[in-house]
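Work through the exercises below with the model open. Each task is followed by a stepwise solution.

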Amino acid sequence: MRIFITGAAGFIGTATTQELIANGHKILGLARSDENAKALEKAGAEVHRGSLEDPDSLRKGARETDGTIHLAFIHDFANFAECGQIDKRAIDAMGTALAGSNKPFIVTSGTLLVAPGGVATEQDPVTPGLPRVSETAGLAFAARGVRAMAIRLPQVHGGDGGCGLVNWLLAIAQEKGVSAYIGDGGNCWSGAHRLDVARLYRLALEKGLAGASYHAVADEGVTMRDIAEIIGRHLDLPVASISPEEAAGHFGMMAMFAGRDGAASSALTQQWLGWKPSQIGLIADISRPGYFAA
């Protein structure tokens, strides 16, 4: 298949592009800059110039290919609500172009968007009222003749020192001079290596069902205290607990995630798609000396 990918030159998109090409697919990657275009060409993908704020480019890319994977998102937490609306408009543009085609359309969501409390499963709904509505917007097209699916990402690590929201915590620790967690730090985030994640995008594209949500989860739950301690070691900074009342002042917009309990399972995803994560775990990976300097 020839697949249109937004975010194809990104941290996860690069791995997904390589995974798909290695398994016989052709890639048309969205590029908003010359740098992205060069990276896509180097990876063996075709370049499609445009951006999330250019709906015509998105409609054209989706219409002219056999399937679409939407990975791009503007991660500006100071303007998170507006970023969520840009994402929704982008999904609506691509989904409308695909209506009635039965082509696969994979949107990207997150395990932290599921309501906290217990271990989240694929059958749990995302929390209503959050600024990011990717999953709800994308799956709505399953009723319009599109094989629309969602992949919920955990903290994705591996390769060049990236690790989802952990990189934001690292930057905050550098700014504040302390690596902090909230309360006893027992709240958890889930994790997965980007090579495992890329393989799941391919399997969902090839075998996934309309209306399904899949979990790209290898590590069900890693405590925030463990993450804070690793960041402290990397930066040679003290590690400290702060109260929930202090969280907003310390973490800023990240406070909405820093205290969130987001353990998640991928048992159903593994059963449905035959996906088996095999790469190094989150804690072992980000603990490696120099990981965040890579």
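**Exercise 1.** In this predicted model, find which residue of S10 stands opposite Val 156. Then describe how S7 and S10 pair.

*Solution.* 
- Step 1. Val 156 faces Ala 192 in S10.
- Step 2. S7 and S10 run in the parallel sense, joined over three bridges.
- Step 3. Now look at the side chains of S7. Gln 155 and His 157 point one way, while Val 156 and Gly 158 point the other way. All of them are buried.
- Step 4. The general rule: side chains of a regular strand alternate between the two sheet faces.

**Exercise 2.** Describe the link between S7 and S8.

*Solution.* 
- Step 1. The two strands pair in the antiparallel sense over two bridges.
- Step 2. Gly 158 has Gly 162 of S8 as its bridge partner.
- Step 3. Three residues lie between S7 and S8, and the strands form a hairpin. In the turn, Gly 159 has a positive phi of about 85°.

**Exercise 3.** Is Tyr 181 buried or exposed? List its contacts beyond four places in sequence.

*Solution.* 
- Step 1. Locate Tyr 181 in strand S9 (residues 179-182).
- Step 2. Its relative accessibility is 8%, so Tyr 181 counts as buried. The cut-off for buried is under 20%.
- Step 3. Beyond four places in sequence, Tyr 181 contacts Met 224, Arg 225, Ala 228, Val 239, Ala 240, Ser 241 and Ile 242.

**Exercise 4.** At what angle do H6 and H9 pack, and which residues make the contact?

*Solution.* 
- Step 1. Helix H6 (residues 166-176) and helix H9 (residues 244-251) pack at about 90°, with axes 11 Å apart.
- Step 2. H6 is therefore roughly perpendicular to H9.
- Step 3. H6 contributes Leu 169, Ile 172 and Lys 176; H9 contributes Gly 249, His 250 and Phe 251.
- Step 4. By class, the contact has three nonpolar, two polar and one charged residues.

Key: Residues numbered from 1 in each chain as written. Predicted model: local features only at pLDDT ≥ 70, side-chain atom pairs only at ≥ 80, totals over all residues. Heavy atoms only, no water. Axes fitted to C-alpha atoms, helices over the stretch in contact; angles between N-to-C directions. Helix = DSSP H or I, 4+ residues; strand = E, 2+ residues; numbered from the N terminus. Parallel < 35°, antiparallel > 145°, perpendicular 65-115°, else oblique. Contact = heavy atoms within 4.5 Å. Nonpolar A, V, L, I, M, F, W, Y, C, P; charged D, E, K, R; others polar. Buried < 20%, exposed > 50% of the residue type's maximum accessible area, 1.4 Å probe, protein only. Pairing = 2+ DSSP bridges.
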